[in-house]
Amino acid sequence: MNLIDGHAMPLPRTAAVIPARYASTRFPGKPLARIAGKTMVEHVWRRCQEAQVFSEVLVATEDVRIQEEVARFGGSAVMTSPTCPTGTDRVAEVARGRSGVEVWVNVQGDEPLLDPEALKVLAGLFEDPSVRMGTLVRPLEAAEVPSPHVVKAVLARNGDALYFSRAALPFIREAGHEGSVQRWAHIGLYGYRHETLLELATLPPTPLEEAEKLEQLRALEHGLRIRCGQVKGRTVAVDVPEDVARVEEVLRARGLSR
């Protein structure tokens, strides 16, 4: 609950959507990969359930094999077009067919170690009625600064994103001032008001988006503000088959292997 002008503001009705595409270039069938006794899509679905902030958790897929697996473990799957270019488009397709949901959260389907507390932070951003789109950031580690694979976020004082980049932003001009500015790494989870999601799915790609290959820059270039929730943890995504063993090791350490 948030207080606005002395009145308690409840969390808006929020649904999570897990885009789960079978036809991954680097790891075909990735959502069905077995990790410590469960498929990856089940692990992600369970992390969403553990957050206890969603009125429903849906898996959006283009493949009947994933739909059948979701039904097997008791979840709900929605069949979407195989031509959806991005996860955002797949979530928007689900949103167009459902009413009554105020906020949609796009949960990456390759994050079986996702912290439910991070999902709570993201959903909680929408207690502020002025927030139309939200995402998450974490402190950037020094070793990550030069890496283009770690996306950096620069924030305004109110937490809105000023920019996202693969470059080492912000640039520290004078030596000795490195500790004076907090550097943030972006976490690729997004929340949207219903109407904002549908609007965003209709907007054309933008020059900065295509230059950096960062989808969220489309929103910024079209003047849409993105509120950033701050969390501390980082996860291990499954991008290639070799990542499965790394995730299983973490799951065993947490006692979540079965």
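The model is predicted: local features need pLDDT of at least 70, side-chain atom pairs count only at pLDDT 80 or more, and totals for chains, interfaces and linings use all residues. Residues are numbered from 1 along each chain as its sequence is written, and side-chain values use heavy atoms, without hydrogens and water.

**Overall build**

The chain has 258 residues, and its radius of gyration (over C-alpha atoms) is 18 Å. That agrees with the value near 18 Å for a compact globule, where the rule is 2.2 Å times the number of residues to the power 0.38.

**Cavities**

A cavity is a set of points on a 1 Å grid over the protein atoms alone where a 1.4 Å probe fits but cannot get out; lining residues have an atom within 4 Å of a point. Grid points are joined across faces, edges and corners, and a volume is the space filled by probe spheres set on the points. The structure holds two cavities of 30 Å³ or more.

| Cavity | Volume | Lining residues |
|---|---|---|
| Largest | about 50 Å³ | T88, M133, Y190, Y192, L200, E215, Q216, A219 |

β12 (184-193) and α7 (216-221) each give two or more residues to the lining of the largest cavity. Helices (H or I, at least four residues) and strands (E, at least two) are DSSP runs, numbered from the N terminus.

Technical notes
On a 1 Å grid over the protein atoms alone, a cavity is a set of points where a 1.4 Å probe fits but cannot get out, and a pocket is an open set with protein on both sides within 12 Å along at least five of seven lines; lining residues have an atom within 4 Å of a point.
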